[in-house]
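This report describes selected features of one protein model. The sequence and the structure are shown first, and the description follows.

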Amino acid sequence: MTASLSIEELIAGHAAGRLPEPVAMVVATHLSLSPSSRRLYDGFNEVGGVLLEGVEPSPMAISSFARISALLDDRALDEERTGRLLGRSSRWPSPLSDYVADQLPEDRWRHFGSGSELEIETGSLDFRVRLIRVKAGRAVPKHTHGGFEVTVVLEGAYRDQFGRFGPGDIEIADGDIDHQPIAEPERDCYCLAVTDAPLRLTGRFSRFLNPFIKM
Ligand code: ZN
């Protein structure tokens, strides 16, 4: 099962300038870390006029994106992307760096069992954007989604049943997807996530914990 919204659709929407700011910020952060998605974005921009008229992105653009993605070894890219992260003047990739300071006081993080999260103010009432920090080797509570969840990995990596997600990778989840991301053991995993509805915990303790989930 995959989400009903694809990465290609998100990138096409961003190229057409149609995404709400919080979603655009997360997609643009992904683009700044992912050369393959950036190429797809540039391709969509070239046909931007067509997209604005409501025509679907061409199957050719989408299949070439899939081919490029298949050729790229995510692990090999981790170092390059992390190197780019470390080489920046800001800790966070652009445009996220416009929204959050490099040093985030510990009291701004809200802790949950295996990690913590920090709200990012975007001024939107419809979307919630968070930095999520999962401790090395620990699992996020098993959950499904009341709406869409778009997650971009910033540092470290996690795995769920859909694969491995390293720096710059993006995962889209919705109400059809029930997953439990687990951070790889080497280091803490930092992600940027945007949601348009509350998550719903689905593990053994979900009955008790769901009332505490804000969104
Ligand atoms: Zn999720």
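How many of the seven residues of strand β5 (residues 149-155) are buried? Seven of the seven are, so β5 is largely enclosed by the rest of the structure. Here buried means under 20% relative accessible area, exposed means over 50%, and partly exposed lies in between, for a 1.4 Å probe and protein chains only. Strands (E, at least two residues) and helices (H or I, at least four residues) are DSSP runs, numbered from the N terminus.

Strand β5 has antiparallel pairing with strand β8 (residues 170-173), over four bridges. Within this pairing, Ile170 in β8 is the bridge partner of Val152. Six bridges also join β5 to strand β10 (residues 189-195), again in the antiparallel sense, and Val194 in β10 stands opposite Val150. Two strands count as paired if DSSP finds at least two bridges between them.

## Basis of the model

The model is predicted: local features require pLDDT of at least 70 and side-chain atom pairs count only at pLDDT 80 or more, whereas totals for chains, interfaces and linings use all residues. Residues are numbered from 1 along each chain as its sequence is written, and side-chain values use heavy atoms, with hydrogens and water left out.

## Zinc site

The zinc ion is coordinated by NE2 of His143, NE2 of His145, OE of Glu149 and NE2 of His179, at 2.0 to 2.1 Å. Along the chain, these donors follow the spacing H-x1-H-x3-E-x29-H. Donors are N, O and S atoms within 2.8 Å of the metal (3.2 Å for Na, K and Ca); water is not among the atoms, so sites may look incomplete.

The angles subtended by the four donor atoms run from 90 to 143°, which makes the arrangement irregular. Four donors count as tetrahedral if all angles lie between 85 and 135 degrees; four count as square planar and six as octahedral if opposite donors are over 155 degrees apart and all others between 65 and 115, and anything else is irregular. Among the coordinating residues, His143 is buried, with a relative accessible area of 2%, and Glu149 is buried at 5% relative accessibility.

## Three-stranded sheet and Ile182

An open sheet of three strands has the order β7-β6-β9, with antiparallel pairing. Its edge strands are β7 (163-165) and β9, each of which pairs on one side only. Strand β6 (residues 158-160) is joined to β9 by two bridges.

Ile182 lies in strand β9 (residues 182-183) and is partly exposed, at 38% relative accessibility. Ile182 is the bridge partner of Arg159; the two are 23 residues apart in sequence and 5.3 Å apart in space, C-alpha to C-alpha. Leaving aside neighbours within four places in sequence, Ile182 is in contact (heavy atoms within 4.5 Å) with Gly137, Arg138, Ala139, Ala157, Tyr158 and Arg159.

Seven of the nine residues of helix α1 (residues 7-15) are buried, so α1 is largely enclosed by the rest of the structure. The buried residues are Glu8, Leu10, Ile11, Ala12, Gly13, His14 and Ala15. Gly17, which follows α1, has a positive phi near 70°.

The axes of α1 and helix α2 (residues 21-33) come within 10 Å and cross at roughly 105°. This makes α1 roughly perpendicular to α2. Axes are lines fitted to C-alpha atoms, for helices over the stretch in contact, and angles run from 0 to 180 degrees between N-to-C directions. Angles under 35 degrees count as roughly parallel, over 145 as roughly antiparallel, 65 to 115 as roughly perpendicular and the rest as oblique.
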